[in-house]
Amino acid sequence: MVYNHTTPYVTPHILHKHYAQAYDAEVSNLIGKDLEYFSQAGFDMDRIQIKRNAPPAVLYEDAIRNEGAIISSSGALINFSGKKTGRSPKDKRIVYEETSKDEIWWGSVNIKMDEHTFEINRERAIDYLNTRDNVYVFDGYAGWDPKYRIKVRVICARAYHALFMNNMLIRPTEEEFANFGEPDFIIYNAGQFPANRFTKGMSSTTSVEINFKRMEMVILGTEYAGEMKKGVFSVMHYLQPVKFGQLSLHSSANVGESGDVTLFFGLSGTGKTTLSADPRRKLIGDDEHVWSDDGVFNIEGGCYAKCINLSAEKEPEIFNAIRFGSVLENVVYNPVTRVPDYDDASITENTRCAYPIEFIPNAQIPCHVKSQPKNIIMLTCDAFGVLPPVAKLTPEQASYHFLAGYTSKTPGTEDGVLEPIPTFSTCYSAPFIVLHPGRYAEMLAERMAKNNVDCWLINTGWTGGKFGTGKRCPLKYTRRIVDAVHSGELAKAEYETFGVFNLQIPTSLEGVPRELLNPRLAWANTEAFEREVRKLAGMFQKAFALYESDVEEKVRLAGPQL
């Protein structure tokens with residue numbers, strides 16, 4: 001058979017060179033005040049193309065075309081953050097200015113930056129963005145309760161960053177988008193471009209800085225997407241107590257069929273995301289919440305889960321959420337099949353996936369529950385292997401452990417962390433804390449007392465020995481313990497006192513080995529165990545000395561006694 005044409009048949013629009021580009025140009029949809037805003041901010045509107053709230057499909061195309069991204073076998077976008085694969089806490093700065101200077105807890109976490117240096121870096125970021133062909137803008141919300149939420153605008157040069165924040169912020173409806181108006185907080189992400197090390201106050205080519213007077217954030221020298229997410233949390237961690245009188249928390253949260261809410265406190269790597277994704281309970285959120293006078297609401301519109309060693313068997317909800325629209329960050333994949341290799345840590349231990357919370361089948365939508373918490377679970381990852389897998393805390397012990405915030409930094413959660421390092425992170429959120437820890441602790445104690453909340457310390461770290469000799473507590477046992485908290489089984493259990501730490505631990509729990517419940521029984525060498533217990537207790541006392549003058553004696557005495 002002879003055909004009249006000599007070229008293979010293709011869909012006509014593919015032959016049209018400018019078809020997709022013509023559509024892309026409509027995405028910005030900037031008119032009136034929006035156009036004026038970007039012009040006044042210093043953006044060269046005659047040169048750059050702004051894509052505002054572009055749909056995921058368009059962001060996929062741009063990331064693949066311009067950034068070397070690929071589509072995984074399950075449909076997620078795989079992209080890479082370059083040299084920085086974790087947060088850079090030593091490069092975080094807060095601008096020292098008159099509206100917030102008396103509220104901020106200044107020190108190694110919140111390092112001062114003068115207003116002039118911020119202006120220099122802000123200008124540097126905008127100048128860089130003006131050199132890009134495409135600039136992406138995402139307008140969304142932080143906070144599911146309309147009474148306490150803020151409007152956030154993200155301006156960036158990478159499609160992957162825009163898709164990431166599309167997943168992590170709360171996506172506006174068409175009506176909300178049309179009437180979005182002026183944002184309350186703006187992020188200028190020029191992370192591909194370095195900071196000038198010789199600018200006053202700069203310690204490296206990376207700078208992550210927040211100005212509460214201008215309500216702006218500037219990112220230079222790091223393309224790790226998590227910096228934007230935690231920048232929004234830092235702002236909410238400031239605004240909720242100061243402006244709204246509500247308690248912001250670094251926690252995950254879920255709710256049972258009877259409306260019983262559980263808050264999970266803990267740093268990255270302790271199990272907040274994993275344990276709150278429970279098929280028998282509705283997920284409110286996996287990382288950042290506000291405990292308000294009206295109930296509990298999620299700050300975010302998505303989840304940012306660790307992917308290292310992820311499997312469908314261990315974490316089915318998270319595994320199945322990795323599909324079209326999700327972002328896989330720094331995950332190694334098979335170049336032929338495009339199947340992600342979640343066990344491969346050759347790029348980083350801190351492999352991540354960002355997905356909309358709607359991708360979790362049992363998510364509580366909207367992520368706002370109008371009931372007060374019934375249980376609080378404080379998660380720790382003990383590298384010494386001496387803390388029990390579960391202990392019931394008194395109100396005073398709850399305040400003590402909240403202020404102490406003991407855990408171990410796990411590999412990959414911060415740049416340069418290659419093995420677990422014992423650390424004390426006050427309020428389980430030291431890297432993101434803005435106000436004095438005592439303010440958060442006082443609000444927590446008041447709300448716990450008012451609502452008669454039970455508090456539990458759960459260790460997801462090592463057992464039978466410290467890191468290197470013992471093993472990580474099996475997830476199935478930790479899940480069983482959490483189930484027993486929710487069922488009320490643990491509240492009715494018999495307890496014994498755990499030595500130096502004076503913790504109340506259950507003597508038995510069906511489905512959990514006796515030697516696991518009491519760490520002393522799991523160690524082959526009792527003397528080595530006692531030595532590690534006393535060593536850790538001394539670390540607690542040294543760390544808590546920072547807060548001793550700010551708490552009541554009964555809270556001071558709630559810690560370990562040597």
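Trainee: How many bridges join S1 to strand S6?

Mentor: Four, and the two strands run parallel. Keep in mind that this is a predicted model.

Trainee: Which residue in S6 is the bridge partner of Ile50?

Mentor: That's Val135.

Trainee: OK, zooming out. What is the order of the strands in the sheet?

Mentor: The sheet is open, with eight strands in the order S1-S6-S7-S8-S10-S9-S4-S5, and its pairing is mixed. At the edges sit S1 (49–52) and S5 (111–113), each of which pairs on one side only. From one strand to the next, the twist averages 25°.

Trainee: Which strands does helix H5 touch?

Mentor: H5, residues 115–129, packs on the sheet and touches S4, S5, S6, S7, S8, S9 and S10. Its direction makes about 65° with that of S10. Helix H6 (residues 159–168) packs on the sheet too, touching S6, S7 and S8, and its direction makes about 10° with that of S6.

Trainee: Switching topic: at what angle do H11 and H12 cross?

Mentor: Roughly 150°, with their axes coming within 10 Å. Angles over 145 degrees count as roughly antiparallel, so that is what H11 is to H12.

Trainee: And is the crossing left-handed or right-handed?

Mentor: H11 passes H12 in a right-handed crossing.

Trainee: Which residues meet there?

Mentor: From H11 you have Ala398, Ser399, Phe402 and Leu403. They meet residues of H12 including Pro437, Tyr440, Leu444 and Met448.

Trainee: How do the contact residues divide into nonpolar, polar and charged?

Mentor: Nine are nonpolar, two are polar and none is charged.

Methods. Residues are numbered from 1 along each chain as its sequence is written. This is a predicted model: local features need pLDDT of at least 70, side-chain atom pairs count only at pLDDT 80 or more; totals for chains, interfaces and linings use all residues. Side-chain values use heavy atoms; hydrogens and water are left out. Two strands pair if DSSP finds at least two bridges between them. Axes are lines fitted to C-alpha atoms, for helices over the stretch in contact, and angles run from 0 to 180 degrees between N-to-C directions. Contact means heavy atoms within 4.5 Å. Angles under 35 degrees count as roughly parallel, over 145 as roughly antiparallel, 65 to 115 as roughly perpendicular and the rest as oblique. A crossing is left-handed if the near helix is turned anticlockwise from the far one by less than a right angle, and right-handed if clockwise. Ala, Val, Leu, Ile, Met, Phe, Trp, Tyr, Cys and Pro count as nonpolar, Asp, Glu, Lys and Arg as charged, and the others, Gly among them, as polar.
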